[in-house]
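Trainee: I would like to go through this structure term by term. Please set each value against its definition.

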Amino acid sequence: MSIFPLAPLIIILLGILSTALLGFGLYFVIGWYLGWITVVALLVTGIVMLVFSLLGRFIILALLASPAENEPTPSRSREVEQIHRPDGTNIHVEFFGDRDAPPIIFTHGWSCNSTHWYYIKQALENEFRLILWDVPGTGKSGEVPDNDYSMENLATDLEAVLDLAGDKPAIIFGHSMGGMILLTFCRLFPQHLGTRVAGLGLVNTTFTNPVHTAPLTNILRALQKPLLEPILYIMIALSPIVWVQTWLSYLNGTSHITGRLSSFAGRPTMGQLDYLMNRSARVSPSVLGRQMLGMMHYDATGVLEKIQIPTLIISANKDAATVVESSHYMHEQIKNSELVVLAPSGHMSMMEQHEEFVEAVASFARRCTRSTYSSVN
């Protein structure tokens with residue numbers, strides 16, 4: 001799910017709605033069974049509410065999405081490695097492709113995991129060495145023991161993943177929050193740019209607090225301290241309850257409605273929409289809340305003009321999380337950069353426009369590889 005600043009509020013509101021839907025359905029049915037309720041219409045209403053609470057997503061998916069042949073699956077590699085960090089965090093890393101091929105590292109976004117790069121794996125594993133990792137607290141990576149989900153801490157995790165690329169310069173891509181981790185990495189470890197890192201890929205991301213580059217930013221800025229941040233602390237404190245409610249929202253399909261509106265510009269496939277909401281529901285709300293707080297304290301504005309290596313910026317014309325002007329600004333500041341705006345596309349451009357997205361990534365990676373190889377020789 002995108003709409004960064006408002007996502008936690010939406011999650012909580014949908015959870016309350018989903019709980020009420022299930023609760024009233026149970027009340028009407030149990031009340032009829034015990035004789036409290038005698039009106040047949042209320043019994044029928046209760047049955048409908050219960051059925052919708054558990055199976056509503058199938059109806060919503062049929063209304064909002066279309067079937068397709070090539071649907072995302074949570075496929076994982078048999079070649080894996082666990083990185084054990086000094087703070088006690090365990091990071092799950094997967095590898096696709098030949099060990100001797102040029103390496104590309106992919107960092108996923110908020111409420112996602114490494115399996116979101118489904119179409120990239122399909123298209124590029126025969127040409128490149130793909131290194132995919134689950135950001136701590138998501139997928140198969142463990143949560144951070146000290147709850148430090150700042151972009152700085154996650155950027156140091158990325159440096160540890162970079163070690164797995166070996167002696168070949170790697171290209172590093174980041175989507176959404178992953179792009180923020182990349183730019184923070186550039187600020188903290190500039191010595192790696194041009195040596196261990198041959199190119200950067202910034203996908204549907206921003207250079208500063210996402211509240212400042214989201215649609216309706218003036219309203220969101222005013223709401224950050226009095227509303228948005230308190231909601232995050234509530235989400236963290238009530239994480240087990242919010243998690244159950246999130247799964248109810250997934251089952252009844254209300255989360256699919258917000259996911260369709262916030263993450264896609266056109267009509268996604270059924271598999272894409274359901275996959276996105278299913279993976280999002282698997283992430284602990286406490287992790288989501290702390291990652292969001294980390295993003296609200298993030299700023300990489302000053303590092304943009306210092307980036308000298310080839311950079312690909314991929315944006316979407318109808319991104320509900322980050323306005324396209326943010327990508328244009330990064331393109332202006334990073335001298336050796338190119339900008340690709342996918343259309344029509346929302347925040348999940350690597351799914352919605354996956355063919356164009358893969359082509360942009362592949363072309364950029366090939367250019368970086370040729371340039372690196374030529375300079376070495």
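Mentor: We start with axes, which are lines fitted to C-alpha atoms, for helices over the stretch in contact, with angles running from 0 to 180 degrees between N-to-C directions. Helices (H or I, at least four residues) and strands (E, at least two) are DSSP runs, numbered from the N terminus. The model is a predicted one, in which local features need pLDDT of at least 70 and side-chain atom pairs count only at pLDDT 80 or more, while totals for chains, interfaces and linings use all residues. Residues are numbered from 1 along each chain as its sequence is written, and side-chain values use heavy atoms, with hydrogens and water left out.

Trainee: What makes α7 and α9 roughly antiparallel to each other?

Mentor: The axes of α7 (residues 239-252) and α9 (residues 270-281) cross at roughly 165° and come within 9 Å. Angles under 35 degrees count as roughly parallel, over 145 as roughly antiparallel, 65 to 115 as roughly perpendicular and the rest as oblique. The pair is therefore roughly antiparallel.

Trainee: Which residues make the contact between α7 and α9?

Mentor: From α7 come Trp243, Thr246, Trp247 and Tyr250, and from α9 come Asp274, Met277, Asn278 and Ala281. Contact means heavy atoms within 4.5 Å. By class, the contact has 5 nonpolar, 2 polar and 1 charged residues. Here Ala, Val, Leu, Ile, Met, Phe, Trp, Tyr, Cys and Pro count as nonpolar, Asp, Glu, Lys and Arg as charged, and the others, Gly among them, as polar.

Trainee: Why is α8 called roughly perpendicular to α9?

Mentor: The axes of α8 (residues 254-263) and α9 come within 10 Å and cross at roughly 110°. That angle makes α8 roughly perpendicular to α9. In this pair, Ser255, His256, Gly259, Arg260 and Ser263 of α8 meet Leu273, Asp274, Leu276 and Met277 of α9. The contact has 3 nonpolar, 4 polar and 2 charged residues.

Trainee: How do you know whether serine 315 is buried or exposed?

Mentor: Buried means under 20% relative accessible area, exposed over 50%, and partly exposed in between (1.4 Å probe, protein chains only). Serine 315 has 2% relative accessibility, so serine 315 counts as buried. Serine 315 lies in strand β7 (residues 311-316). Leaving out residues up to four places away in sequence, serine 315 touches Asn204, Val324, Ser327, Leu339, Val340, Val341 and Leu342.

Trainee: And how does asparagine 204 count, buried or exposed?

Mentor: Asparagine 204, at 1% relative accessibility, counts as buried. Asparagine 204 sits in the loop between β6 (197-203) and α6 (217-237). Its phi is positive, at about 45°, although asparagine 204 is not a glycine.

Trainee: Why is glutamate 127 called partly exposed?

Mentor: Glutamate 127 has 31% relative accessibility and therefore counts as partly exposed. The loop between α3 (118-124) and β4 (129-133) holds glutamate 127. Its contacts, apart from neighbours within four places in sequence, are Ala101, Pro102 and Arg366.

Trainee: What makes a group of residues a nonpolar core?

Mentor: A nonpolar core is a set of buried Ala, Val, Leu, Ile, Met, Phe, Trp, Tyr and Cys residues joined through side-chain atoms within 4.5 Å. The largest one has 62 residues, of which Ile105, Leu183 and Phe185 touch the most other members. Apart from that core lies another, of 38 residues, including Leu124, Leu342, Val361 and Ala365.
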